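Welcome! Take a moment with the sequence and the 3D view, and then we can walk through them together.

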Amino acid sequence: MISDDPQFYVQGVLKCDRRVLAKTITLIESSLSAHQDLARTIIDLLLPYTGKAIRLGITGVPGVGKSMFIESLGTMLVKKRHRVAVLAVDPSSQRSGGSVLADKTRMEKLSIDENAFIRPSPSGGTLGGVARKTRETMIVCEAAGFDVIIVETVGVGQSEITVASMVDFFLLLMISGAGDELQGIKKGVLELADAVAVNKADGDNVEKAEMARKQYETSLHFLAPSSPNWTPPVFTCSAIEMTGINIIWESVLAHHEKTNPYRRAPGQPKKTGSGLDVVPCKRRLKRTFFSKSRSE
Ligand SMILES: Nc1nc2c(ncn2[C@@H]2O[C@H](COP(=O)(O)OP(=O)(O)OP(=O)(O)O)[C@@H](O)[C@H]2O)c(=O)[nH]1
Ligand SMILES: [Mg+2]
């Protein structure tokens with residue numbers, strides 16, 4: 001049963017009632033115009049409760065280990081008392097039902113953690129449509145109190161650029177032993193990255209991963225940095241062995257400090273007397289958000 005009372009959803013989301021949270025996202029993903037109108041009203045009412053989360057985008061070619069990396073990072077973060085929401089952007093996918101389960105099994109620990117929430121890609125649709133749904137779903141998750149939102153995107157074409165524009169930090173995962181062409185990574189994507197991590201640095205692969213790390217460091221040196229006060233670092237990590245994950249998270253936090261000096265660390269209480277005019281800022285954000293949604 002779909003209720004048509006926006007307050008039913010708003011109050012449920014604010015209490016982080018998972019059933020209501022899932023229903024709200026279903027409304028956002030619905031193509032019925034009545035559902036979309038209701039979703040828009042709900043988002044409008046939830047917007048004042050957002051702005052506290054760190055949004056992290058993760059990209060890389062299929063099989064590079066994005067889901068496994070998110071499983072490792074996510075379980076580490078919930079141990080640090082963060083609340084983690086994981087969303088996926090894959091406009092090429094028609095997945096629903098069964099493959100939801102497939103994605104969840106790759107995040108076995110995270111999917112059963114009460115401080116985590118995993119939502120697979122909305123099935124089908126254009127990239128613009130999927131991006132709008134993802135942007136709105138991020139807002140709902142933030143309002144529900146998730147302070148780290150991780151978006152997994154498949155490394156094909158335009159979707160990285162779209163996701164990079166929606167997140168605070170964009171991490172590119174690579175593997176060693178495959179040339180850039182093989183990994184389908186264009187120079188443009190490397191330019192968008194706030195950090196690069198060579199995954200699967202385990203077993204016999206440790207040395208090769210370190211060599212690849214150095215190569216990417218050199219390549220990045222010749223590119224214009226994404227921000228004047230941030231040089232993208234290059235790491236090695238193993239999602240399976242959970243090594244190198246913490247240092248990447250520290251880099252996310254360092255980037256957050258440097259590029260958002262007025263923002264709080266995720267989940268931290270509001271500082272009082274900061275002198276910042278929050279309300280006009282939110283209004284501006286809201287305007288930008290809706291003008292973007294409409295143009296898609
Ligand atoms: N050795 C090793 N294997 C890994 C590591 N991370 C992932 N894998 C393996 O790589 C394969 C793909 O991992 P996924 O996490 O599903 O990769 P993905 O990038 O999410 O793939 P798509 O969602 O299909 O794009 C799986 O068989 C994993 O077990 C790692 O750190 N080391
Ligand atoms: Mg995956």
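Q: Is strand 1 (residues 54–59) largely enclosed by the rest of the structure or left open, and how many of its residues are buried?
A: Helices (H or I, at least four residues) and strands (E, at least two) are DSSP runs, numbered from the N terminus. A residue is buried if 20 or more other C-beta atoms lie within 10 Å of its own, exposed if 12 or fewer, and partly exposed in between, with C-beta atoms placed from the backbone. Strand 1 is largely enclosed by the rest of the structure, because the number of its residues that are buried is six of six.

Q: What should I know about the model and its numbering?
A: This is a predicted model, in which local features need pLDDT of at least 70 and side-chain atom pairs count only at pLDDT 80 or more, while totals for chains, interfaces and linings use all residues. Residues are numbered from 1 along each chain as its sequence is written, and chains are lettered from A and ligands numbered from 1 in the order in which they are written.

Q: Which residues of strand 1 point the other way from Ile54, Leu56 and Ile58?
A: Ile54, Leu56 and Ile58 share one direction, and they are buried. The residues pointing the other way are buried too: Arg55, Gly57 and Thr59.

Q: Which residue of strand 5 is the bridge partner of Gly57?
A: Two strands pair if DSSP finds at least two bridges between them. Strand 1 runs parallel to strand 4 (residues 148–153), with five bridges, and Ile54 stands opposite Val148 there. Strand 1 also runs parallel to strand 5 (residues 169–175), joined by four bridges. In strand 5, the partner of Gly57 is Phe170.

Q: Which strands stand at the edges of the sheet?
A: Seven strands form an open sheet with parallel pairing, in the order 3-2-4-1-5-6-7. Each edge strand has a single partner strand, so one side of each is left without a neighbour in the sheet; these are strand 3 (116–119) and strand 7.

Q: Which residue of strand 6 is the bridge partner of Leu172?
A: Strand 5 and strand 6 (residues 195–199) run parallel and are joined by five bridges. The partner of Leu172 in strand 6 is Val196.

Q: At what angle do the axes of helix 4 and helix 11 cross?
A: Axes are lines fitted to C-alpha atoms, for helices over the stretch in contact, and angles run from 0 to 180 degrees between N-to-C directions. The axes of helix 4 and helix 11 come within 10 Å and cross at roughly 70°.

Q: Which residues come nearest to ligand 1?
A: A residue is near a molecule if its C-beta atom, placed from the backbone, lies within 6 Å of it. Helix 4 (residues 66–79) gives the largest share of the shell around ligand 1, three residues. Of the 16 residues around ligand 1, the nearest are Pro62, Gly65, Lys66, Ser67 and Met68.

Q: What is the phi of Cys16?
A: Cys16 lies in the loop between helix 1 (6–14) and helix 2 (18–29). Cys16 counts as partly exposed because 17 C-beta neighbours lie inside 10 Å. Although Cys16 is not a glycine, its phi is positive, at about 55°.
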